[in-house]
Amino acid sequence: GQENEKRPNVLVILADDMGWSDISAFGSEIQTPSIDKLADNGKKFTQFYNTARCCPSRASLLTGLYPHQAGVGHMLWATGYPGYMTRLTSDTVTMAEVLKDAGYGTYMTGKWHLAERVADPADPTGWPLQRGFDKFYGTLAGYGSFYDPATLCRDNTYITPENDPEYKTDSYYYTDAISDNAVKYLKDHEAANDEKPFFMYLAYTAAHWPIQAPDDAIAPYKGKYDAGYDAIRQQRIANLKELGLMPPVTEPAPTTGEWDAVKNKAYETRRMEAFAGMISRMDEGIGKIVEQLRASGELDNTLVLYMHDNGGCDEEFFHNNQKRPENVHVMAPDELQHRTLPPMQTRDGKVVKTGEGVMAGPATSFVGYGPAWANVSNTPFRLVKKYAHEGGIATPLIVHWPAGMGSANDDVVSAPSHLIDLMPTVVEVTGAKYPDQRAGHKIQPMAGESLAPLLTGKGEFDREEPIFWEHEGNRAVRDGKWKLVAEENKPWELYDISVDRGEMNNLAGEQPERVKQMAAAWQKYAESSKVQPYGAHRLRSRVPDPENAPTELELETGNVYYREYAPALSDAGVSITAHIARMAPEGVIVSHGAVEHGYSLYVKQGRVNFVARRAGQLCIITSEPVQGEGPATIHARVERDGTAFLQINDGEPVTGDFFGPFLETPEQGLTVGFDQDSPVGEYDNHFAFQGDIDKVQLQMLK
């Protein structure tokens, strides 16, 4: 009847920096009863993959694209290349935007990590509310203290744990705050509009370093890790076998670290005890959220998806920072925490300590759990976070949806699948529409396949394309049972995953043809999905030095000025005089920037267009059609106050009002005769000028 016609709610839960076997449903000694219950009454995907790193995984999950396609091929550093930007690009659409357009209430709590940490909330472009969420409680940054997180926001406003009017607690702990605010949003949603379905994105920072947890969360694990790395790994393998989830491995990847050689065992065990405590505390929060869904009668009709953003993390790069913060003091309630790494202090005026011997847990500690425990987290796989070997990219996926999956429960699904598949799945089961266009931007098509047939048992799941990875030069292709994988600057390795998921028996030497064919497929993906240029993750582009940036340039076709050599646009206008030797009806004359910021002068369908963008918003003025192929002089100008002007030869000028001065110098450089990056104007990539440009004179208006 009518009940079955109700569209499902969607709850996406993403945990941070956890390995494949870090939950008890997947063999861990860490107790996660709430997650286990979802697994026991749902489906467990054993060959589901993330992208090996936090922000690329978030970009992929929310957009249904490979991370580079969404502009987040690496961390949020400006490189000047479209696959490596500081936020999601505007030719993407998020799950929140798609579901909001379909009439869903959209809520997020936790870690965003998809916009640069702008200290100025006056320009929250790229923050959650600007990307489809109705409500947001959480952090923009990728990490920080669990007791005083930097970049903590409610909606578009920075807050502190002390001055938040809506959430008061005696002992603030970020994991609890993420869970409690999620429960609050669900209650508010139920009270306000019972008819509307909801989408909730719950992005925990557990169990990312710093390894911090309250004493009562750590207590149950006291002594649990005294037997050392290998003993815990062997126990996990035994648990996985008992659960029927042990992956096919000719042999598990070897143990990292020798327990007998560890000098400070109290420090070492404490790191893992606290890590386990962080996960248990997250699980308790998930339990509260499930309880709220049960109480409101929504649990059965909620599609719950639980996963991790990358494998266990071996990063320990803050262990030598013994610098003291300056001016240690008790922080006022409104004083924002700006530090995410030591040297830093706590809100109550204590120094945060880091390095070997600092006992993990309290707000005054800042340590990771190191390579050996990361290897335990990723049992039985090879390598860790950031690599494209299984230890870096394998995550459990747990799906719970009694109303939609019916009797298809208790299932283990081994079909290879990836974060890119979640958008098509959600679009299919909710009946939402994935758009071709949104807010004036052409949207890239989804990269994945809907997993709905695997959930409902209706229809066939048939993956037509292989799955691809690239992160920091680590790369892979998964095609059926075959996986081609390499570390940066190392040769390709080939594995038959159906028997060797531990990646211990490299078949590349025996099957050169298969390697060649799969490597060619990877290359094609790299070229079509903005993975190029190879190694771009290293190119943190230098911001132009406004003192020495050129203010006047004379340019010709083919000139390219990368960001650090281009004029500084921030707080400026621009004046352009283009001398055209032979006019043409199509093409870019000069362009500086991309879809987020910048300007472009171009001809389209015989009309000259002058456009400017700020934070993705487009301003445009257009001439009357230009006749013939004769020479022409085009003047275009936008003043600092936003007055825009366009004139061809001595014709009637076209004027308009753009926004005020440009806010920033775009990450992408300046090009003449074509647009090298995601287009500033309303045209396809590149869009080379068909005529002949004599010269272009450019002047910054300060």
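## Close-up views of a predicted model

**View 1. Strands E20 and E25 pair up.** Strand E20 (residues 573–582) and strand E25 (residues 632–638) run antiparallel, with seven bridges joining them. Thr 577 sits opposite His 635 of E25. A quick word on terms: strands (E, at least two residues) and helices (H or I, at least four) are DSSP runs numbered from the N terminus, and two strands pair if DSSP finds at least two bridges between them. Everything here comes from a predicted model, where local features need pLDDT of at least 70, side-chain atom pairs count only at pLDDT 80 or more, and totals for chains, interfaces and linings use all residues. Residues are numbered from 1 along each chain as its sequence is written, and side-chain values use heavy atoms, with hydrogens and water left out.

**View 2. The open sheet around that pair.** Six strands make up this open sheet, in the order E18-E29-E20-E25-E26-E27, with antiparallel pairing. Strand E18 (552–555) and strand E27 (654–657) are at the edges with a single partner strand each, so one side of each has no neighbour in the sheet. From one strand to the next the twist averages 10 degrees (axes are lines fitted to C-alpha atoms, for helices over the stretch in contact, and angles run from 0 to 180 degrees between N-to-C directions).

View 3. All five of the five residues of strand E16 (residues 482–486) are buried, so the strand is largely enclosed by the rest of the structure. Buried means under 20% relative accessible area, exposed over 50%, and partly exposed in between (1.4 Å probe, protein chains only). Trp 482, Leu 484 and Ala 486 point one way from E16, while Lys 483 and Val 485 point the other way. Strand E15 (residues 474–479) runs antiparallel to E16 and is joined to it by five bridges; Val 477 has Leu 484 of E16 as its bridge partner. Two residues lie between the strands of the E15 and E16 hairpin, where Gly 480 takes a positive phi near 60 degrees. Strand E17 (residues 493–496) is also antiparallel to E16, with four bridges between them, and Asp 496 of E17 stands opposite Trp 482. The hairpin of E16 and E17 has six residues between its strands, and Asn 489 in the turn has a positive phi of about 60 degrees.

**View 4. Helix H3 and its cysteines.** Ten of the ten residues of helix H3 (residues 54–63) are buried, so the helix is largely enclosed by the rest of the structure. Among them are Cys 54, Cys 55, Arg 58 and Leu 62. After H3 comes Gly 64, with a positive phi near 75 degrees. Zero disulfides turn up in a search of the whole structure (a disulfide being a pair of cysteine sulfur atoms within 2.5 Å). Cys 153 is in no disulfide, and its nearest cysteine sulfur, that of Cys 55, is 16 Å away. Cys 313 is in no disulfide either, with the sulfur of Cys 54 the nearest at 8.6 Å. Both count as buried: Cys 153 has a relative accessible area of 0%, and Cys 313 is at 4% relative accessibility.

**View 5. The largest pocket.** This one has a volume of about 770 Å³. On a 1 Å grid over the protein atoms alone, a pocket is an open set of points with protein on both sides within 12 Å along at least five of seven lines, a cavity is a set where a 1.4 Å probe fits but cannot get out, and lining residues have an atom within 4 Å of a point. Points are joined across faces, edges and corners, and a volume is the space filled by probe spheres set on them. Of the pocket's 32 lining residues, Asp 91, Lys 442, Pro 679, Tyr 683 and Asn 685 lie nearest its centre. Strand E13 (441–442) and helix H14 (512–528) are the elements giving two or more residues to the lining, and H14 gives the most, with three. By class, the lining has eight nonpolar, 14 polar and ten charged residues (Ala, Val, Leu, Ile, Met, Phe, Trp, Tyr, Cys and Pro count as nonpolar, Asp, Glu, Lys and Arg as charged, and the others, Gly among them, as polar).

View 6. The structure holds four cavities of 30 Å³ or more. The largest cavity has a volume of about 120 Å³; among its 14 lining residues, Met 85, Thr 86, Glu 596, His 597 and Glu 667 are the closest to its centre. Its lining divides into four nonpolar, five polar and five charged residues. The second largest cavity holds about 80 Å³ of space, and its lining has seven nonpolar, six polar and no charged residues.
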